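Colleague: Please put the model on screen. I would like to go through its salt bridges.

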Amino acid sequence: MTARTGEVRPFEPPPAARESLQGHYAGFASRFAAFAVDLVVLTAIFLLVLAAINFAASVLTGNSVHFNRANTWVVVAYAVWAFIYFAHFWGLNGKTPGGGLFGVQVVTNDGDDVSGRRAIGRTLAFPLSFLILCLGFLGILLGDQRRALHDVIAGTTVIYCWDARAARLRMLSRPRYSTPHAPPESHSLPGSSSQADPPADLD
């Protein structure tokens, strides 16, 4: 059905944007992007805390504290902070800031919320997936339920909690319609009528 001249057809996103992925198992790309965002966030917070400690030490003692990766306690502190970060958010609602951004959530195999104990177990098992050339992540690519090694150990899985992919596609495919202009009105010349005068009766 074609639209009339001057009318704006209602916006209809493409089929890929209308398809809902909510509740489906999350893919590797979404999970990797969420993890990358979380890594940036937790590292930025950690560096800000170190900068604050350095500033406080320079004000109170007059000596600055230099941090580098060779300091064992800095590495240990970063590992502890990363553990707290993931365990807290996974136990809170199954979503880290990165997961919330890309619409992925950690749930149990039955689809229930992750408990605090299960979140701690998943966080402890998480580094195991990086061992032996990251083979623990192959389950996300090859498994039916897209479960990594730490998901199998903790009894969890990752799903889309909202359709982030379709939302992005709808935003990218949204057309920019301009307001239709009204057709120009016909104006009569001064002194003339809009309709033709009826012919005069002849006597």
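**Salt bridges in the predicted model**

Modeller: Asp151 and Arg122 form a salt bridge, with their closest N and O atoms 2.6 Å apart. The term means a side-chain nitrogen of Lys or Arg within 4 Å of a carboxyl oxygen of Asp or Glu. This is a predicted model, where local features need pLDDT of at least 70, side-chain atom pairs count only at pLDDT 80 or more, and totals for chains, interfaces and linings use all residues. Residues are numbered from 1 along each chain as its sequence is written, and side-chain values use heavy atoms, with hydrogens and water left out.

Colleague: Is Arg122 buried or exposed?

Modeller: Buried means under 20% relative accessible area and exposed over 50%, with partly exposed in between (1.4 Å probe, protein chains only). Arg122 has a relative accessible area of 3%, so Arg122 is buried.

Colleague: Which residues do salt bridges that share partners join into one network?

Modeller: Asp151 also meets the side chain of Arg31 in a salt bridge, at 2.8 Å from N to O. By the rule above, the count comes to two salt bridges. The network joins Arg31, Arg122 and Asp151.
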